[in-house]
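Subject: Structure for your files

Hello,

Here is the structure I said I would pass on. My notes on the helix packing follow below.

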Amino acid sequence: EEMFEVLRKTAMSPIIYEVLDVGTAVLDASGALVASGAGIPGFIGVLDKSVQAILARERQPIVPGDVFVLNDPNAGGVTHLNDVVVAEPVFHEGTLVAWVASIAHWGDIGGKTPGSMAVDVTEIFAEGLRLPPVRLCCGGVVNEAVIDIIKANSRLPEFVSGDLSAQRAAGRRGALAVAALFRRYGKEGVETAIAQGLAQG
């Protein structure tokens with residue numbers, strides 16, 4: 001819920017901060033959904049698949065400070081290209097213990113029509129920019145080339161870069177809260193609680 005509020009309050013696009021076309025989640029180390037915030041109910045079944053796609057495709061070690069972005073329906077389960085996922089791993093004592101992720105509808109991701117919502121196209125290539133799971137940040141260092149590619153493909157470059165920053169801020173807030181839980185209760189305690197919650201779900 002804190003991630004959701006950060007995203008709502010800092011996003012540039014009205015469809016995010018007024019319509020609330022977003023979703024936020026905490027996931028375990030394997031990408032299983034642990035908890036989700038407010039937003040579009042349909043997004044509950046998306047963020048786990050997105051994190052699992054990152055884990056399946058990533059060949060380099062995942063380290064603290066990494067942040068991933070994706071929007072490809074064929075590689076992460078998102079609903080359409082406007083819905084962009086930003087996911088961040090959470091570490092405790094050097095071990096990957098959880099993920100935080102958000103999904104938000106960006107106002108324009110390129111493609112045939114403004115708003116990237118053309119109904120008369122026959123190929124996904126006409127819908128807009130596709131991002132398979134890609135590192136937006138590596139060890140805390142931002143890959144500015146990824147941001148440049150996103151902005152160059154949108155009719156609203158300042159809006160999409162602002163929405164991306166809002167999602168990164170939401171992820172940082174969530175990661176701090178989850179890391180604090182692990183420090184307070186220990187890895188075994190939190191993972192036991194997660195397992196019990198998933199068993200009851």
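In which hand does helix 1 pass helix 5? The crossing is right-handed. Please keep in mind that this is a predicted model.

Helix 1 covers residues 2-10, and its axis comes within 8 Å of that of helix 5, at a crossing angle of roughly 155°. An angle over 145 degrees counts as roughly antiparallel, and helix 1 and helix 5 are therefore roughly antiparallel to each other. On the helix 1 side, the contact is made by Glu 2, Met 3, Val 6, Leu 7 and Thr 10. Their partners in helix 5 are Gly 162, Ala 166, Gln 167, Ala 169, Ala 170, Gly 171, Arg 173 and Gly 174. By class, this contact comprises six nonpolar, five polar and two charged residues.

Helix 4 (residues 144-152) also packs against helix 5: the axes come within 8 Å and cross at roughly 135°. That angle makes helix 4 oblique to helix 5. This crossing, too, is right-handed. Helix 4 contributes Ile 147, Ile 150 and Lys 151, which meet Pro 157, Glu 158, Val 160, Ser 161 and Leu 164 in helix 5. Five of the residues in this contact are nonpolar, one is polar and two are charged.

Then there is helix 5 itself, residues 157-200. How far does helix 5 span between its end C-alpha atoms? The span is only 44 Å, whereas a straight helix of 44 residues would reach 64 Å at 1.5 Å a residue. Helix 5 also has a bend of about 110°, located at Gly 186.

Regards

Technical notes
Residues are numbered from 1 along each chain as its sequence is written. This is a predicted model: local features need pLDDT of at least 70, side-chain atom pairs count only at pLDDT 80 or more; totals for chains, interfaces and linings use all residues. Side-chain values use heavy atoms; hydrogens and water are left out. Helices (H or I, at least four residues) and strands (E, at least two) are DSSP runs, numbered from the N terminus. The expected span of a helix is 1.5 Å times one less than its number of residues. The bend at a residue is the angle between axes fitted to the seven residues ending there and the seven starting there. Axes are lines fitted to C-alpha atoms, for helices over the stretch in contact, and angles run from 0 to 180 degrees between N-to-C directions. Angles under 35 degrees count as roughly parallel, over 145 as roughly antiparallel, 65 to 115 as roughly perpendicular and the rest as oblique. A crossing is left-handed if the near helix is turned anticlockwise from the far one by less than a right angle, and right-handed if clockwise. Contact means heavy atoms within 4.5 Å. Ala, Val, Leu, Ile, Met, Phe, Trp, Tyr, Cys and Pro count as nonpolar, Asp, Glu, Lys and Arg as charged, and the others, Gly among them, as polar.
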